[in-house]
Amino acid sequence: MPDLTLDDDRATGAWVAPLVSTLLTLPACVLVYFVGGFSAMACDSCAGAEADRFESSFGVAFPVLLGGLGLALFLLAASWALPWERRSTTRRVGFALAAPVLVARVYGLFTVLVDWP
């Protein structure tokens, strides 16, 4: 009788969490990137000290936004790249869940860091 336990290590439905995360994370990253980029125009009519405060805070906040979006995309890629085995299920689901949550948190951090007019 053949030993069936060796082939039973593959996780069924291991693709579900990364797929759902992809469908949430990629559009959210694009949206947050464009909103963050277009928010640089929020102070087009500002002058003097107000414009200086906005530009200096935006100069710090936008790279933080880009770094956070890059990290979210890395987590998404890691959720796809993990082995399709049962022992990796917890990490795969954790990475898949962390990616869209990180996008929302990074956008919140961006809005806090910018000194809006």
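**View 1. Cys46 and its disulfide partner, Cys43.** Cys46 has a relative accessibility of 16%, so it counts as buried. This is a predicted model, and Cys46 is joined in it to Cys43 by a disulfide, with the two sulfurs 2.1 Å apart. Cys43 is buried too, because its relative accessibility comes to 8%. Look along the S-S bond and you get a torsion of about -130°, so this disulfide is left-handed.

**View 2. Cys29, a buried cysteine.** With a relative accessible area of 7%, Cys29 sits under the 20% cut-off, so it goes down as buried.

**View 3. The salt bridge between Asp115 and Arg53.** Here the closest N and O atoms of Asp115 and Arg53 are 3.2 Å apart. Arg53 belongs to helix α2 (residues 49-81), while Asp115 lies in the segment after α3 (89-113), so the pair ties together parts that are 62 residues apart in sequence. How buried or exposed are the two ends? Asp115 is partly exposed, with a relative accessible area of 34%. Arg53 is partly exposed as well, at 44% relative accessibility.

**View 4. The salt bridge between Glu85 and Arg87.** The count for the model is two salt bridges, and this view shows the one that links Glu85 with Arg87. The closest N and O atoms of this pair are 2.7 Å apart. Glu85 has a relative accessible area of 23%, which makes it partly exposed. Arg87, on the other hand, comes in at 58% relative accessibility and counts as exposed, because the cut-off for that label is over 50%.

**View 5. Helix α2 and its kink at Phe58.** Where does α2 bend? The kink is centred on Phe58 and amounts to about 25°. What about the span of α2 from end to end? This helix has 33 residues, and at 1.5 Å a residue they should span 48 Å.

Key:
Residues numbered from 1 in each chain as written. Predicted model: local features only at pLDDT ≥ 70, side-chain atom pairs only at ≥ 80, totals over all residues. Heavy atoms only, no water. Disulfide = S-S within 2.5 Å. Buried < 20%, exposed > 50% of the residue type's maximum accessible area, 1.4 Å probe, protein only. Salt bridge = Lys/Arg side-chain N within 4 Å of Asp/Glu carboxyl O. Helix = DSSP H or I, 4+ residues; strand = E, 2+ residues; numbered from the N terminus. Expected span 1.5 Å × (residues − 1). Bend = angle between axes of the 7 residues up to and from the residue.
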